[in-house]
Amino acid sequence: MRKPVIVLLFAVVLTALGSAGALAHFGMVIPSEQMLSEKSQKQVHIDLLFWHPFENKGMDLAKPAAFGVVAAGKKSDLLATLKEKKVGGNQAWETDYKIERPGLYVFYLEPTPYWEPAEDKFIVHITKACVAAFGDDEGWDKPIGLKAEIVPISKPYGLYAGNVFQGRVFWQGQPVPWAEVEIEYYTEKGQGQAPNDLMVTQTIKADANGVFTYAAPKAGWWGFAALKTDSKKIKHEGKDREVEVGAVIWVKFHEMK
């Protein structure tokens, strides 16, 4: 009778490990608005999270190594404006930013490396989101100089559910051929329900020029993360460990009414 019990326990462990593996990590930069008009409030609230978006389950996000905004070609450091908060019991950060002039504002997050024991590596997700203000959005298709970056080919805002979003993956200023891109929907209230774990995080490949294409089937926030192993390693418990660097962008799709 012992053997079936052992087999059953082993199967349960495998199932648990498989479910855990389905949880993809995403750095998150979520502004309260992506498009501001003259009638809109000029204050934008921004949440910073390290999350499993579809399951709406979080991890602690340590104070970032860098957080700022790029507007009109100028980079401004906003790290000192961040305030710590708890979301679902996890450490997160927030700030309010006052937009004074028309233009495109790209908010970016560079986190401190996160040690993931289950994967035996560090994770660094360099994340950004765009806000277009008062009818001026020039420069949405330009890089902002991040080490790992998704540069939009489609506007990263003003999209309807079902529209195609295209981006190009860059690593240290160079496009990444055949980059693997993970995509996940942010279930802001409750938890998402998927018919299969493989449909929690969807994965596509970029082409030879680093360009990927995805049509979002549902309105809301969608995260796109292109992952690459850095050549540099970080020492942990006396050993050199790999560092997974993600180029992440968040895009909101809207229902057509």
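Figure 1. Tyr185 and Trp222 are both buried (under 20% relative accessible area, with exposed over 50% and partly exposed in between; 1.4 Å probe, protein chains only). This is a predicted model in which local features need pLDDT of at least 70 and side-chain atom pairs count only at pLDDT 80 or more, while totals for chains, interfaces and linings use all residues. Residues are numbered from 1 along each chain as its sequence is written, and side-chain values use heavy atoms, with hydrogens and water left out. Rings of Phe, Tyr and Trp (its six-membered ring) pair if their centres lie within 6.5 Å; planes under 30 degrees apart count as stacked, over 60 as edge-to-face and the rest as tilted. By this rule there are 12 aromatic pairs. The ring centres of Tyr185 and Trp222 are 5.0 Å apart with planes at 55 degrees, so this pair is tilted.

**Figure 2. The pair Tyr214 and Phe224.** The ring centres of Tyr214 and Phe224 lie 5.9 Å apart and the planes stand at 75 degrees, so the pair is edge-to-face. Both Tyr214 and Phe224 are buried. Ring pairs join Phe165, Tyr185, Phe212, Tyr214, Trp222 and Phe224 in a cluster.

Figure 3. A salt bridge is a side-chain nitrogen of Lys or Arg within 4 Å of a carboxyl oxygen of Asp or Glu; the structure holds 11. Glu149 bridges to Lys128, with the closest N and O atoms 2.8 Å apart. Glu149 is buried at 3% relative accessibility, and Lys128 is buried with a relative accessible area of 3%. Lys147 meets Asp230 in a salt bridge (2.6 Å, N to O).
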